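Hi,

Here is the structure I promised to pass on. Have a look at it first, and my notes follow below.

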Amino acid sequence: MKLKTKTLVNALNQIDFDKKVIDESFNLLFLDKIENKLSLNYTNHESTSINILIDCEVASDINIAIDIQEFIKLVKTIKSDTIVLSIDCNKLKINNYSISIKDCALKTLFEKEYTKILEMTSNQFVKMLNQVKPAMSKDSARYDLKGVNINSKNNKLNLVSSDSKFMIIKTADIYTQDINEVIPDFAVKQIIKAFKSDELITISLAQLTQYSSFLKLECNNTTVILSLTDCQYPDYTKSITGNEVVILNKKELMAITQEAKAITIDNQNTIIFNFENNILEIKVKEQNKIRYSNQMAIKSLVKLEMGFDAGKLLNILKSIDDDIITLKLKDTQGIMRIEANNFIGLILPITI
């Protein structure tokens, strides 16, 4: 079969494969013929599967497995505009090169009954994932937080992530069937890498048992199927915030926070917010001495002093599209709520 080198390289770039695997079966790329197209199928050790269909001249049936890393490395060395794939005994020939064909059957996650949950542009869905991704927990002990919660609360699509110290909630006014599942962190990476277009993405759910479900995402010739986390995401709607309102400019707050973070010396990147008389002063202290201080105008008469992790705060601010944001405060120990259009960020204060 013959295909454009660029087309094959672009398809392979959509796959987030395991760089280090113990079991060789999770290092395999399956080549098949589906609907007169070349099918590339890869499944990682966490049961996330991606299938990509490539339009090309497939003269005969093909159903083989090859080492994905060896194949990608070889394809990216080819300088010609076209690639010719052919099978010679137990070898896959790629122009003037060849690699061994593995003796392994295709592990498929595709033969299940799925119910359509929602449809939206893939760029919008991926952008939402990128906005909430910074808050995903990296704590292996918090398996329930190691991913993104996708739910349909309040008749909206909601994506939520948290590491228990801060949280990001991104919503979209899109009709969706009932869903409340957790997309694992490794699957989030694969989805972001696979879908980058203005075309519609269809998201469907297969609920096999109470503790076994799969999510399928389809867009054009790319399909990703992933095994969902079998745990309940914490109820974030119970987070208590205050009624003291502060309105301010996000870009100005980001700039001052970045300056202050560069001065911090503790592991928590502690910065101090002092709200008073329509002014927010941001400070960095060391042994009761002020190492940094800057001010910005705000709309609020609240009088309050709080400490925050500058890094976590910046992760929230960078995920906001709007220029003007609203803070909702309770007291020095209460959660700070950051609101923008279809966006909520929550961050716990640090004792100062």
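What share of the contacts in the chain with a separation of 6 or more comes from residues 24 or more positions apart? The figure is 66%, where contact means heavy atoms within 4.5 Å.

Some ground rules before the rest. This is a predicted model, in which local features need pLDDT of at least 70 and side-chain atom pairs count only at pLDDT 80 or more, while totals for chains, interfaces and linings use all residues. Residues are numbered from 1 along each chain as its sequence is written, and side-chain values use heavy atoms, with hydrogens and water left out.

Now the overall picture. The C-alpha trace spans about 80 × 40 × 35 Å along its principal axes. Of the 352 residues, 52% are buried, meaning under 20% relative accessible area (1.4 Å probe, protein chains only).

Next, the sheet. Eight strands form an open sheet in the order E13-E10-E11-E12-E24-E23-E22-E17, with antiparallel pairing (two strands pair if DSSP finds at least two bridges between them). Its edge strands are E13 (180-184) and E17 (244-249), each pairing on one side only. From one strand to the next, the twist averages 20°. Inside the sheet, E23 (residues 336-340) and E24 (residues 343-347) pair in the antiparallel sense over five bridges, and Ala 340 stands opposite Phe 343 in E24.

Helix H5 (residues 250-263) lies across E17 and E22 (324-329), at about 85° to E17. Helix H4 (residues 185-194) lies across E10 (147-151) and E13, at about 80° to E13. Those angles are taken between N-to-C directions, from 0 to 180 degrees, using axes fitted to C-alpha atoms, for helices over the stretch in contact.

Seven of its 10 residues are buried, so H4 is largely enclosed by the rest of the structure. Among the buried ones are Phe 186, Val 188, Ile 191 and Ile 192. Their cover includes strand E4 (48-54), helix H3 (122-132), E10, E13, strand E15 (212-219) and strand E16 (222-227).

Notes. Helices (H or I, at least four residues) and strands (E, at least two) are DSSP runs, numbered from the N terminus. Buried means under 20% relative accessible area, exposed over 50%, partly exposed in between (1.4 Å probe, protein chains only).
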